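Please examine the model shown below.

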Amino acid sequence: MSKIVLITGASSGIGEATARRLAADGHIVVLGARREDRLAELAKAIEADGGTADVRRLDVTDRQDVAAFADEVVQRYGRFDVIVNNAGVMPLSRLDALLVDEWDRMIDVNVRGLLHGIAAALPHFQQQGTGHFVTIASTGAYEVVPTGAVYCATKYAARAITEGLRLELDPAIRVTTISPGVVESELADSITDPGAREKMRAYRAHTISPDSVAGAIAYAIGQPPGVDVNELIIRPTHQR
């Protein structure tokens, strides 16, 4: 059955791959990100392949903007079925580098952005009596690595928030946490600390395609209503 799926951080990486995969599967995808030009190009490519995509410039750190993102979809389609809270940033650094602005940015996007997505979608899902939350966390939600203290903390938080949401909600509203390992993406481009950037270059010697994560999302949302896929961890075979 075709679903209406909201995707944050849809202009590149996992978000872009998910949009392409779900549209190819016959779902209507609604794409949100700050880079509206990239979204427009992606939507054009999806539609050229026979899919359906809407786009909207979106800042997940702005609670009202995320609420409007969800409300506008309901006004247009009458409902939506899934929200993929994917937007994230990863400017790694050692704590003693004191890159506090970058810490704040990770908290704003990775934690507050997730909460804003939940707050925007939850009233609609409760009114409908159905819905599906998908959170893109990280293997950093299970371990802390040097230079990754703040980033991992935000992903531990994302995992905890999503699990709490699952436990609190009526079972008719499904909740999934997907934790990728090292994925081909632009995330590492935001690292400004030279030492962290060099370590990440070596760490990313083995990666998986964002298409692999998109496939996991497609699997989770494609299950019959009585099946709730709660957690998936997906990493390169070389990553330990």
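In this predicted model, α4 (100–128), β5 (131–136) and α5 (149–168) each supply at least two residues of the lining of the largest cavity. Helices (H or I, at least four residues) and strands (E, at least two) are DSSP runs numbered from the N terminus. A cavity is a set of points, on a 1 Å grid over the protein atoms alone, where a 1.4 Å probe fits but cannot get out, and lining residues have an atom within 4 Å of a point.

**The cavity**
- The largest share of this lining, four residues, comes from α4.
- The lining has 13 residues, and Asn85, Asn86, Ala87, Asn110 and Leu114 lie nearest the centre of the cavity.
- Its volume is about 90 Å³, where volume is the space filled by probe spheres set on grid points joined across faces, edges and corners.

**The fold**
- The protein has seven helices and seven strands, in the order β-α-β-α-β-α-β-α-β-α-β-α-α-β.
- The C-alpha trace spans about 50 × 40 × 35 Å along its principal axes.
- Of the 240 residues, 50% are buried, meaning under 20% relative accessible area (1.4 Å probe, protein chains only).

**Basis of the values**
- Residues are numbered from 1 along each chain as its sequence is written.
- Local features need pLDDT of at least 70, side-chain atom pairs count only at pLDDT 80 or more, totals for chains, interfaces and linings use all residues, and side-chain values use heavy atoms, without hydrogens and water.

Terms used. 1 Å grid on protein atoms, 1.4 Å probe; cavity = no way out; pocket = protein on both sides within 12 Å on 5 of 7 lines; lining within 4 Å.
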